[in-house]
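Here are a few exercises to work through with the model open beside you. Try each task yourself before reading its solution.

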Amino acid sequence: MEMIMTKEEQKSRTDRSYKLILLFAMVSMTMMFAGLTSAFVVSKSRADWLKDFQLPPAFYYSTIAIIACSVTFHLAKKAIQKNNQSKTTIFLLTTLVLGILFVILQFVGFGQIVENGYYFTGSGSSITTTFLYVVTVVHLIHLAGGVISLLIIIYNHFKQKYNSSQTLGIELGAMYWHFLDLLWVYLFLFLYFFK
C-alpha cells in the first residue's frame, strides 16, 4: 500500500530536513571551536603566554553589534510570519548593516591590538595574539557565509518568495545567525575571562 503525502506534509518534511542539515553543520563548527579553545587552554601554560593582554574596545562594540543582529533577524522572522513585508525588509536590511558593522569592528579591534604593540605574526608576535587572531578570523569566515546567505535571503525577499506560509529561508538564516551570535559571545567571554 502506497502512502500519498499532501503538499503540506511534504513541505514540512523538507523543512525539517534542511533544518537538520544546518544543525549538523553547526554542531561540527562547534566542535572545531571547542578544539581551538582547548588548544588555547593548553597553550596558556607556555612561558611566552601574555598574562596581561586585554581585548580591544572594538571587540566589546562588535559583541553588541552581533547580539543586535540576532534580535533584528528574529524580528524579521516574526514580521514575515505575520506577512508584514515592509517590516521584514527593514529588519533584514538592519541585520545586514549590523553584520557588516560587526566585521568592521573586528578589523578595528585588530588594529587596536597592533597599536598596543601586539602582533599576530612575525618576530613581534606572541602565541596569545596568534591564537586570538586565528579564532577571530575563523569566526569571521563563518560570518562571511552568514552574510552571503543573508544577501540571498534579502534577494529572495525582494522577489516576494517569502510570506507567512513560506518562511524557511528566513528561519534557516535566523538559526545560523543566532548560532554565530552565541558562538561569538562564547568566544568573547572565553577570551575575556580565560587569560
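**Exercise 1: The largest pocket**

Helix 4 (127-158) and helix 5 (168-193) each supply at least two residues of the lining of the largest pocket. This is a predicted model, in which local features need pLDDT of at least 70 and side-chain atom pairs count only at pLDDT 80 or more, while totals for chains, interfaces and linings use all residues. Residues are numbered from 1 along each chain as its sequence is written, and side-chain values use heavy atoms, with hydrogens and water left out.

Task: Which residues line the largest pocket, and how do they divide by class?

Solution: 
- Start with the term: on a 1 Å grid over the protein atoms alone, a pocket is an open set of points with protein on both sides within 12 Å along at least five of seven lines, and lining residues have an atom within 4 Å of a point.
- The lining consists of Leu22, Gly145, Ser149, Ile152, Ile153, Asn156, Tyr162, Gly169, Leu172, Gly173 and Tyr176.
- Helix 4 gives the most, with 5 residues. Helices here are DSSP runs (H or I, at least four residues), numbered from the N terminus.
- By class there are 6 nonpolar, 5 polar and no charged residues. Ala, Val, Leu, Ile, Met, Phe, Trp, Tyr, Cys and Pro count as nonpolar, Asp, Glu, Lys and Arg as charged, and the others, Gly among them, as polar.
- The space in this pocket is about 160 Å³, a volume being the space filled by probe spheres set on the grid points, which are joined across faces, edges and corners.

**Exercise 2: The cavity**

Task: How many cavities of 30 Å³ or more does the structure hold, and which residues are the closest to the centre of the largest cavity?

Solution: 
- A cavity is a set of grid points where a 1.4 Å probe fits but cannot get out.
- The structure holds 1 cavity of 30 Å³ or more, and about 100 Å³ of space lies in the largest cavity.
- Of its 11 lining residues, Phe40, Phe53, Thr128, Leu191 and Phe194 are the closest to the centre.
- The lining divides into 8 nonpolar, 2 polar and 1 charged.

**Exercise 3: Thr95**

Task: Is Thr95 buried or exposed, and what does Thr95 touch?

Solution: 
- Thr95 sits in helix 3 (residues 85-115).
- Its relative accessible area is 0%, so Thr95 is buried (under 20%; exposed is over 50%, partly exposed in between, with a 1.4 Å probe and protein chains only).
- Leaving out residues up to four places away in sequence, Thr95 touches Cys69, Thr72, Phe73 and Leu150; contact means heavy atoms within 4.5 Å.
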